[in-house]
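Here are my notes on the model you sent. They cover the pockets and one surface patch.

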Amino acid sequence: MAWFKRKEKGIQTTTQEKKDTPKGLWYKSPTGKIVEADELAKNFYVSPEDDYHVRIGSKEYFSILFDDNKFKELDPNLESKDPLNFVDTKKYSDRLKQAQEKTDLKDAVRTATGKSKGKELVVACMDFSFIGGSMGSVVGEKIARAIDYSIKKKLPFVMISKSGGARMMEAALSLMQLAKTSAKLAQLSEIGIPYISLCTDPTTGGTTASYAMLGDINIAEPGALIGFAGPRVVKEATGKDLPDNFQTSEFLLEHGFLDFITHRKELKNKINLYIDLIQNQAVRA
């Protein structure tokens, strides 16, 4: 006699009653390690199995750096326009609209101020999810305004870069942001306000060629891709095989382009330590 006997044949669940597995329950790192999403968040979005630093955006970085995740966003409503009426496979204006709807962001950078380890700090953080973190006019303007805020309030400035480079849909207008942000950082330097630059995966193109490498202290997360042109372009231009780990954080640290590599769980403590040391003030515990 069978233990169980099916009374009705076939699957009886209707299509409307079927339940899909919710997205985001697990994360698979590039090395194949599986980790639960909740565990990943508790571990600063770093895979505990292989220490892989998962790409995150401004929402997550703000929660890591600001005390109790409390901050005031600066210039939250600035949006890009389409002054060149640019069209490739689709209109730039349509790309912007789709990116805003998909990411719930206005553009590829958010700027905010709040307390970090008890002291006020200004943070600008790029979002790769918005058109590859590309740097257009609004990105440059928001960074410039955040620096102005730092100067006005005499607050340290932190820039978190994560970008594919200048936004091609804005052509020369995007390239002008390299000069604008660099000039603003020079003003910050002239009055002795600390600037910490954090390069994350990836930091490339015009971002690397401007504010990402102009920090009083330049730091990066482990394993981040950092460079101007990509490895394939560099190899084609030089006609030579590239070294192992070329353009990784570790390679750049070894060759003097970075000051430190900082694990994400130590990010808040390290950034505030560097600020205290630059300002020659008591180190916060």
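Predicted model: local features only at pLDDT ≥ 70, side-chain atom pairs only at ≥ 80, totals over all residues.

1. The largest pocket holds about 220 Å³ of space. It is lined by 14 residues. Closest to its centre are Gly-57, Glu-60, Leu-105, Asp-127 and Ser-129.

2. Which helix gives the most to the lining of the largest pocket? Helix 2 does, with 3 residues. This helix spans residues 58–65.

3. The second largest pocket has about 170 Å³ of space. Its lining is made up of Lys-90, Arg-95, Gln-98, Ala-99, Lys-102, Thr-103, Ser-129, Ile-131 and Met-169. By class, that gives 3 charged, 3 polar and 3 nonpolar residues.

4. Look at Ser-129 in both places. Ser-129 is among the residues closest to the centre of the largest pocket, and Ser-129 also lines the second largest pocket.

5. Now the surface. Leu-25, Trp-26 and Ile-34 form a nonpolar patch there. Together they have about 330 Å² of accessible area.

6. Trp-26 belongs to strand 1, which covers residues 26–28.

Definitions and conventions:
Residues numbered from 1 in each chain as written. Heavy atoms only, no water. Patch = residues over 30% accessible without salt bridge, like charges linked within 9 Å, V, L, I, M, F, W, Y side chains within 5 Å. Areas by Shrake-Rupley, 256 points an atom, 1.4 Å probe, with all protein chains shown as cover. Salt bridge = Lys/Arg side-chain N within 4 Å of Asp/Glu carboxyl O. Helix = DSSP H or I, 4+ residues; strand = E, 2+ residues; numbered from the N terminus. 1 Å grid on protein atoms, 1.4 Å probe; cavity = no way out; pocket = protein on both sides within 12 Å on 5 of 7 lines; lining within 4 Å. Points joined across faces, edges and corners; volume = space filled by probe spheres on them. Nonpolar A, V, L, I, M, F, W, Y, C, P; charged D, E, K, R; others polar.
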